Amino acid sequence: MGRFLIQRFLATIPVVLGVTIAVFAMLHLVPGDPVQMMLGEFQTSPEQIEKLKAQLYLDEPLPQQYGRYLTNALQGDLGYSIRSKRPVMDEIKDNLPSTLVLTLSGLGVAIVIGMSLGIVAAVKQNTWADLSAMIIAMLGVSMPSFWLGLLLIFAFSLKLEWFPATGGGDFRHLILPAVTLGLGASAIIARLTRSTMLEVLRQEYIVTARAKGLRGSVVILRHALRNAMIPTVTILGLQFGQLLAGTVVIETVFGRPGIGRLIVSAILEKDFPLVQGIVLFIAISYVLINLLVDVLYAVLDPRIRLG
């Protein structure tokens with residue numbers, strides 16, 4: 001197990017380096033003078049422009065700039081926001097808890113709804129329950145998250161007045177954004193769970209377990225679901241990354257504080273250091289999540305780490 005983990009960890013190093021190069025290049029791929037774009041319409045003197053270039057180390061050769069950027073990033077220094085003058089890492093830390101709560105809540109909604117629909121559809125194959133579950137899954141995939149969010153606000157906030165429409169206060173403020181974020185992912189999980197469960201339920205050891213007189217719930221939950229979970233774990237890891245990225249839309253629609261809303265503001269204000277820092281943080285988080293998925297793979301199926 002230790003060797004397997006070391007191999008997977010070493011495999012992530014080139015990916016992380018590639019991410020840092022891509023994020024570093026963002027500032028230099030912008031057409032025109034990035035410093036002038038950051039300053040916008042403000043009246044600035046050549047001295048002020050040169051001062052900002054020196055502050056961002058844009059007056060140094062590119063290899064030296066990248067080396068400095070990589071060294072600082074490894075130490076947790078992602079630079080300073082142009083607008084707020086605060087460290088980018090502090091801006092991320094202040095907004096990260098709200099985004100994590102929303103992402104984990106959305107993932108929880110996706111797991112509960114998706115796996116429930118998938119298991120029911122597999123056990124009740126070719127019945128009205130199977131058809132209904134797949135129709136719900138198809139609707140979840142088809143609806144854009146911003147449109148679903150507006151529908152939920154209209155129905156449950158404006159008409160029924162059950163939940164607040166916007167803001168990031170108590171638990172009631174979290175329900176509609178979490179459902180909006182998780183419903184699309186639940187559809188993918190439901191379809192995958194159904195297909196893997198159908199394959200597992202046809203295996204000989206499942207037939208043997210049923211022949212021994214085990215209850216149907218024990219056969220499904222203890223024997224079939226564990227093996228059917230292996231492909232689903234991969235999707236959960238990928239979906240977590242997509243949900244984290246999806247908070248950009250959800251936090252904007254529901255007016256919640258968080259990383260997603262912060263990066264939208266940074267883009268609108270042309271705060272490139274803040275945009276770079278957030279993109280790098282999200283990308284590395286995605287890589288680490290996939291590393292965790294590999295570990296869970298090995299826990300669920302020892303053949304993977306032995307292979």
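Reply: We may begin with one cut-off: a residue is called buried when its relative accessible area is under 20%, exposed when over 50%, and partly exposed in between. Please also keep in mind that this is a predicted model.

Me: Why is His 173 called buried?

Reply: The relative accessibility of His 173 is 19%. The cut-off for buried is under 20%. His 173 therefore counts as buried. This residue lies in helix 8. Setting aside residues up to four places away in sequence, His 173 touches Pro 164, Thr 166, Gly 167, Gly 168 and Arg 256.

Me: Where is Arg 256 placed, and what makes Arg 256 buried or exposed?

Reply: Arg 256 is in the loop between helix 10 (216-253) and helix 11. Its relative accessible area is 5%. Because buried means under 20%, Arg 256 is buried.

Me: How do you know that Arg 256 and His 173 are in contact?

Reply: Contact means heavy atoms within 4.5 Å. Arg 256 has His 173 among its contacts, once neighbours within four places in sequence are left aside. The other contacts of Arg 256 include Ser 98, Leu 102, Leu 174, Pro 177, Glu 251 and Arg 261. The C-alpha atoms of Arg 256 and His 173 are 8.8 Å apart, and the two residues are separated by 83 positions in sequence.

Me: What makes Met 197 buried or exposed?

Reply: Met 197 is also placed in helix 8. Its relative accessibility is 0%, and the cut-off for buried is under 20%. Met 197 therefore counts as buried. Between the C-alpha atoms of Met 197 and Val 123 there are 8.2 Å, although the residues are 74 positions apart along the chain.

Me: What crossing angle do helix 5 and helix 11 make, and why is helix 5 called oblique to helix 11?

Reply: The axes of helix 5 (residues 88-123) and helix 11 (residues 259-268) cross at roughly 135° and come within 8 Å. That angle makes helix 5 oblique to helix 11, because angles over 145 degrees count as roughly antiparallel, those from 65 to 115 as roughly perpendicular, those under 35 as roughly parallel, and the rest as oblique.

Me: Which residues meet where helix 5 and helix 11 are in contact?

Reply: From helix 5, Glu 91, Ile 92, Asn 95, Leu 96 and Thr 99 meet Ile 259, Gly 260 and Leu 262 of helix 11. These contact residues comprise four nonpolar, three polar and one charged. Leu 96 touches Ile 259 and Phe 281, not counting residues up to four places away in sequence.

Me: How many helices and strands does the chain have, and where is confidence highest and lowest?

Reply: The chain has 13 helices and zero strands. Confidence is highest in helix 5, at a mean pLDDT of 86, and lowest in helix 13 (residues 302-306), at 55. Across the chain the average pLDDT is 78, and 81% of the residues score at least 70.

Technical notes:
Residues are numbered from 1 along each chain as its sequence is written. This is a predicted model: local features need pLDDT of at least 70, side-chain atom pairs count only at pLDDT 80 or more; totals for chains, interfaces and linings use all residues. Side-chain values use heavy atoms; hydrogens and water are left out. Axes are lines fitted to C-alpha atoms, for helices over the stretch in contact, and angles run from 0 to 180 degrees between N-to-C directions. Helices (H or I, at least four residues) and strands (E, at least two) are DSSP runs, numbered from the N terminus. Ala, Val, Leu, Ile, Met, Phe, Trp, Tyr, Cys and Pro count as nonpolar, Asp, Glu, Lys and Arg as charged, and the others, Gly among them, as polar. pLDDT is the predictor's confidence in each residue, from 0 to 100. Buried means under 20% relative accessible area, exposed over 50%, partly exposed in between (1.4 Å probe, protein chains only).
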